[in-house]
Amino acid sequence: MDSSVSPFSYRDIIQEGDLALVWISRDNIKPIIVDANHMFNTRYGSFSHKSMIGKPYGSQIAIRTKGQNRFSFIHVMQPSPELWTLSLPHRTQIVYTPDSSYIMQRLNCNPCSTVIEAGTGSGSFSHAFARTVGHLYSYEFHSVRYEQALKEFKDHGLPNVTLTHRDVCSDGFTIKRNDPTSYLFQDDAAQATINANAVFLDLPAPWDAVPLLDQVIARDQKVGVCCFSPCIEQVDKTIEALEKCGWTEIQMVEIQGKQWESRRQMVRTLDDALERLRDVRRRKEEGIERRKQMYDAVLKDDEADGEKSERPQPPKTKFNPFGKGTRVREGDVNYQWKQVTKVEPEIKSHTSFLTFAFKIMDKSRIC
Amino acid sequence: MDSSVSPFSYRDIIQEGDLALVWISRDNIKPIIVDANHMFNTRYGSFSHKSMIGKPYGSQIAIRTKGQNRFSFIHVMQPSPELWTLSLPHRTQIVYTPDSSYIMQRLNCNPCSTVIEAGTGSGSFSHAFARTVGHLYSYEFHSVRYEQALKEFKDHGLPNVTLTHRDVCSDGFTIKRNDPTSYLFQDDAAQATINANAVFLDLPAPWDAVPLLDQVIARDQKVGVCCFSPCIEQVDKTIEALEKCGWTEIQMVEIQGKQWESRRQMVRTLDDALERLRDVRRRKEEGIERRKQMYDAVLKDDEADGEKSERPQPPKTKFNPFGKGTRVREGDVNYQWKQVTKVEPEIKSHTSFLTFAFKIMDKSRIC
Amino acid sequence: MDYLHHITADQHVILKLPSGNWKIVELKPHTSVSLGKFGAFQVDDIIGYPLGTQFEIYYENQSQPNDDDPKNKNRTPVGKVRIMDEDVGGSTEGSELSNVNSSANNMNLINIGNEIQAMTSEQIEELKRQSISGEEIVAKMIESHSAFHKKTLQSQEKYLNRKKRKFAKYFTVEYLSASFLLQWLLEKGDTQKVLDMSEETVAMLLNVANIRSEGQYLCMDETGGLLVYFMLERMFGGDNNSSHTGKIVVLHENEHANLDLLKYSNYSEKFINDHVKTVSLLDFFEPPNESEIDSYFKPIPKEEARQLKAGKKNAYQRRLKWYYNQHEIVQLSTKSQYDALIIASTLQLSTLVPLLAEKVHGSRPVVCYSQFKEILLELTHTLYTDLRFLAPSISETRVRPYQSVRGKLHPLMTMRGGGGYLMWAHRVIPAPEPPAHETEDEGNGPEEKKQKTQ
Amino acid sequence: MDYLHHITADQHVILKLPSGNWKIVELKPHTSVSLGKFGAFQVDDIIGYPLGTQFEIYYENQSQPNDDDPKNKNRTPVGKVRIMDEDVGGSTEGSELSNVNSSANNMNLINIGNEIQAMTSEQIEELKRQSISGEEIVAKMIESHSAFHKKTLQSQEKYLNRKKRKFAKYFTVEYLSASFLLQWLLEKGDTQKVLDMSEETVAMLLNVANIRSEGQYLCMDETGGLLVYFMLERMFGGDNNSSHTGKIVVLHENEHANLDLLKYSNYSEKFINDHVKTVSLLDFFEPPNESEIDSYFKPIPKEEARQLKAGKKNAYQRRLKWYYNQHEIVQLSTKSQYDALIIASTLQLSTLVPLLAEKVHGSRPVVCYSQFKEILLELTHTLYTDLRFLAPSISETRVRPYQSVRGKLHPLMTMRGGGGYLMWAHRVIPAPEPPAHETEDEGNGPEEKKQKTQ
């Protein structure tokens, strides 16, 4: 891969050394570094990287499995921040796309934005910020995660991201020489010039960090902040801190994202149901007729106690317009189907509360 | 109306003196007392009560308006607690059906239940309780509302409701002789025996009432309570009080109810759109051909400066498969339609938080 | 009616286990009930306590029975029970947990796992063998867990809950309400069996259908009897001796109605026979002819019947039952009007509802449940053009439960997605067109029955 | 780029009024802007302040101009402005309001209305005439409002907000972001014009469509240009001098694309011409033939063209523009591959998307917006059977705003119902069937393209 090009910028052809995402299923997306000598193994079969190289991104790679001669395939995708997010293991605490996209929009993120993010965490939101904004200053307090993210951002070619190892709640956001940071200092500058106009705080105690923001946000612009907290009590303390520090237009919102599957439900008409019951009735009527005869016999003839013979089971119905008993594949062309939507069996009913606020530090006039 | 029968129990024929609900539209349902000498006036016309009497409930009453000879109608409905709730003016603070139905189910309301409700408010929830439970003890602190509800419950024939004028937060739930109440005291009983096994508190400060419940709830049964509070801080104080008073299985929930309208959207195929553009293009091509000739002329002949004449506007297109310009009625059989659902333009995004808890006062064994 | 409030012999109850799972048991006297890793108890020990009581199973030191008998090696030993003073089945108690009020413990956020647990599993097993409750084991483990106080609040909670579930031996005996039955089915993964129905949606159904103790309801129930149980509970509250006269007529599309779940109810057979009638759709739409029934069979005078011999008598009784049943079908399908139509079926509703609604009184509700909104959309479009239905509309009701712990309030992070939808309309009686010259004049009432234009 | 952060002459900005309403104005120097009952101000007085600044309009005693001129009777007098120190446009400040912490004031809950307001309207008018701010008027009214402290919290709040809206004379000058433009349209009642689109749904669209500053996007926009404005803002941030090369190709079904809303943007005409291209669906699917174009017109050498007379020159320039435009259409419709397909159109998506997606690079997103889920349902069923689309799915995103006042936190009681849905899929490139004897063998990949069975 051309090391100057980010694997996240648009590329068309799968090349040796590329970071690619292998789509096995929606819940199973795996990153690979394309290497002609490697195989990508799934329980459905093995796919050689060689078969990917030179093909366009998005290509389906298909094989016949040796044993059963079955058709099996994967898709090789170019990473985007959203696909990257989907590829992260679910146990990781990540900001999901419905939240991150709303936060970015509400803070009006664009190439003219300078954004602060604390903490970096899994780095998934950092990728979405990096795609869009002018510069991202990301802070991570945990040293192992800091090192991991540092490497990842480098591998992923995100030159507009500055990562700093820092507990912002106690030590603030200012980046000085000799701090553990990826910031490239100019000449003899003692500290970084940040001037952020958008801030995202994903911290357990954002109220500790809020008072420290004034040092690093742009002075003469309207600056937005979003605090991301799971508990309502955190929101309360956050609002308190924001008010105290002169932030205005404070508003907390929740995002609720749902995914819908498209399914089909069999159209089962009343007429078919009745016809099926008629079939049952016809079979039964034989039985009833026989029973009636038996009953008459019973009343007339003391000898015949028909306990055993008088209640013959009618044969099971053969007519079934709904194919019950056999498993009908959804969409089977022998049946009529109605298109329906179905929500995921388990939804993310809560991610966090998002508290937004805005501030202009210096309202003086320029002319 | 037979005064021993509640207007809320099942009745079939509209009779003189009945309480009925006139359905004008979903948002406009009006209660009337049927009186052969009265008219029911709407802006669509006047409907005589006489025309209703003797007809079954649910009947459409239709008229031709005098002026325009237009067909106009209403429906005369028998009241149910849910229709009654819909008929209340929207400005009233009422517990809506999605909330009330869940509360009733969660507290397992049925004919064996004895329920406490505080406060009565508009009385809409009281009607739903009264339909289902063995007995309802309802408390209202505001004297005007108390008197109104007292009359209403009597008019509506709800014999299983006891209404008491009381600020339960300061004075508790015990009903004594000489209290302002509809309770019918037996013989020489000094106070009412309540033994409620379900409690609903719709109060600004339920935490003041919770400690006073022990006096009136059933001792040897599992008793459920639901507190209904709009603000989260109220929930916090309520949980505190419930915990302190020995209530367990505390859980707060929210109910989100949505109503969907069925609508149709026109199916506008790509082919039709293209055909429409072809029509435009055909008309334009004439223009282009003429313009080309003019252009050639311009290049050849210095005299013709066709500024005014060279850009003729092509006639507006006549072909329009989507009937634009004319207002197409939704569902017009000349067009193809797709069935769609549309949520109300404004939804009730929050009613209140519902905090449930349960308690068994006396766990001793009976044999 | 003690069985409504107190644990009674031969009753079906539902047990809530420390894992949050549910178990339905029939309380057969003199038997024991095993809860697997949560222990076992003697049914007789819990009879007579109020329903809703939480019990702890404990073992005295010497009370590990049959330890030597290899047959019983995998059998859960039966312990004794005592009432628990405090609920531990609910959400985590806040008291033991320090509050998040600074970022001081940020640094220790990760890598908290099993590796920092100081007690060996042998030590834990030892504790378990002693007469020590789950609560106490957890407390001891916390003591020996050096990193516990460095954990974040959330991980502390998770840890405590995990440990509690693993060692606690308690259970709560609950009345088997319709809601608990549903919860049990959902937890078993029987979501499809109950058409993905949620408690809140069926609760809404019961209210908008205006279910009353004295109503006569026409019903289709494809949830195996769950819907009927909800209705019965709402109408009669589990009271076998109820004086209320309500009745549910259940239509079914198979040979027999599937109301299997009623087997868990504590209603007597007689009670169910009195209040629940089942009729096949075919019998309902094409009921037997009365004279035909009579041609097959005519009851003989009681005196005569009594004198029949045993074998004949049985046969006669069956025929008699059939005879009454056939006449009842005639009654229910041709002579009754109903107080509501309530449908939870996967049959095409747009063909079914207009036919069944013919049997519903004016002003009474028609309520249909479907797992899918699209099904109800099709239905409402059909009903819109039918003047017998007033204002059909689709509703969606969802409950959002919170983690209800003070200082840590938030909606649960995940919850079940589905829950279904309801179509609610009222059966009405169209008026004949009022006389006028211009009969082609379009209807223009205050409530436009026809589809409104956008 | 001062115009991105500071109020600039000739800029379009959006004003937030005390009523919560919005107003878009073009800041023409030396003119005044009237906000009706909220006063009027001089444009020149606000130029140079940071965007987002809140101003108060005030009147000095003698500054009621033209009072005698009958012509100006209904004209709002132009006041002076000063910067407000504290935001009052947000939610009500908690400080003035007593907390609900007992039921003591229950009794006074009702009948709080206008009748207990002690100031006469004349007194209020008098105050208004003096140089007193709305805030101060409200404070004085509260003072004289005997029953104020007996009101419940909620009614206190409502009262304050109502009064504030009535008398306050302030406004906030905001950058006209795409989100504000949408909010303005929704408040005007133009919900249908923007296909009921919500900020959160379009935000989701921008992210899942992977919008980047250097992308080439194929787009249909039936929202009058709102969607295109959202994309432009995301790609270029309002910067007319952006060096980014991104381009949006807008397909339209009418004679001309409707991007009317871009007139409110502050992008230069040149900028828009460079970055937004419009092509009719017909031209896109049946592009002009290159040799035909050339047969109509061929550019003459520049030298020659320069020597044309004025009249001829104009005609020539128009033809030249037409010529380049036709060639551009050929380029965009036959020679370009796109980085995303983004559709917000009421044309039938199931016929449109498969054709347009042919022009999208592999691995790039296809995102469709619809007001109705059912439309996207039909679309996904079509795409499921088309191997060029990976995992089409429907998403719904909703924001739930809270009353964000400490001590009175709760979700807003009502909110807008709609917001629309998105279909998200990726364009992929199907592999040829791998060689095998049994070609009729069914595909059985890890990701089943075909509809799964339940």
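Buried area is the accessible area that two parts lose on being put together, summed over both. The exercises below apply this and related ideas to a predicted model.

**Exercise 1. Describe the interface of chain D and chain A: how much area is buried, and how many residues take part?**

Solution. 
1. Chain D and chain A bury about 8,200 Å² between them. Of this area, 52% lies on carbon and sulfur atoms.
2. Chain D contributes 100 residues to the contact, and chain A contributes 87 residues.
3. Five salt bridges are found across the interface of chain D and chain A. A:Asp12 and D:Arg364 form a salt bridge through their side chains, with an N to O distance of 2.8 Å.

**Exercise 2. Determine where A:Arg106 lies and which side chain of opposite charge is nearest to it.**

Solution. 
1. A:Arg106 belongs to helix H2 (residues 97–106) of chain A.
2. Apart from residues up to four places away in sequence, A:Arg106 touches A:Gln251, A:Val253, A:Phe356, A:Phe358 and D:Glu199.
3. The nearest side chain of opposite charge is that of D:Glu199, 5.2 Å away. A salt bridge requires a side-chain nitrogen of Lys or Arg within 4 Å of a carboxyl oxygen of Asp or Glu.
4. A:Arg106 is therefore buried yet without a salt bridge.

**Exercise 3. Examine the annotated binding site of chain A: which residues does UniProt place there, and where do they lie?**

Solution. 
1. An unreviewed UniProt entry places the feature "binding site" at A:Glu140, A:Asp167 and A:Asp202. These residues span 63 residues in sequence, but no two of their C-alpha atoms are more than 12.2 Å apart, so they gather at one spot.
2. A:Glu140 is located in strand E8 (residues 135–140) of chain A. Its relative accessible area is 1%, under the 20% cut-off, so A:Glu140 is buried.
3. Beyond its neighbours within four places in sequence, A:Glu140 is in contact with residues including A:Gly119, A:Arg145, A:Tyr146 and A:Arg166. The side chains of A:Glu140 and A:Arg145 are joined by a polar contact of 3.1 Å.
4. A:Asp167 sits in the loop between strand E9 (161–165) and helix H5 (168–171) of chain A. With a relative accessibility of 13%, A:Asp167 also counts as buried.

Conventions: Residues numbered from 1 in each chain as written. Chains lettered and ligands numbered in written order. Predicted model: local features only at pLDDT ≥ 70, side-chain atom pairs only at ≥ 80, totals over all residues. Heavy atoms only, no water. UniProt positions renumbered as here; feature names shortened; annotations may be inferred. Helix = DSSP H or I, 4+ residues; strand = E, 2+ residues; numbered from the N terminus. Buried < 20%, exposed > 50% of the residue type's maximum accessible area, 1.4 Å probe, protein only. Contact = heavy atoms within 4.5 Å. Polar contact = N/O pair within 3.5 Å; in protein donor to acceptor, adjacent residues only side chain to side chain. Lys, Arg positive; Asp, Glu negative; His and termini not counted. Buried area = accessible area lost by both parts, 1.4 Å probe.
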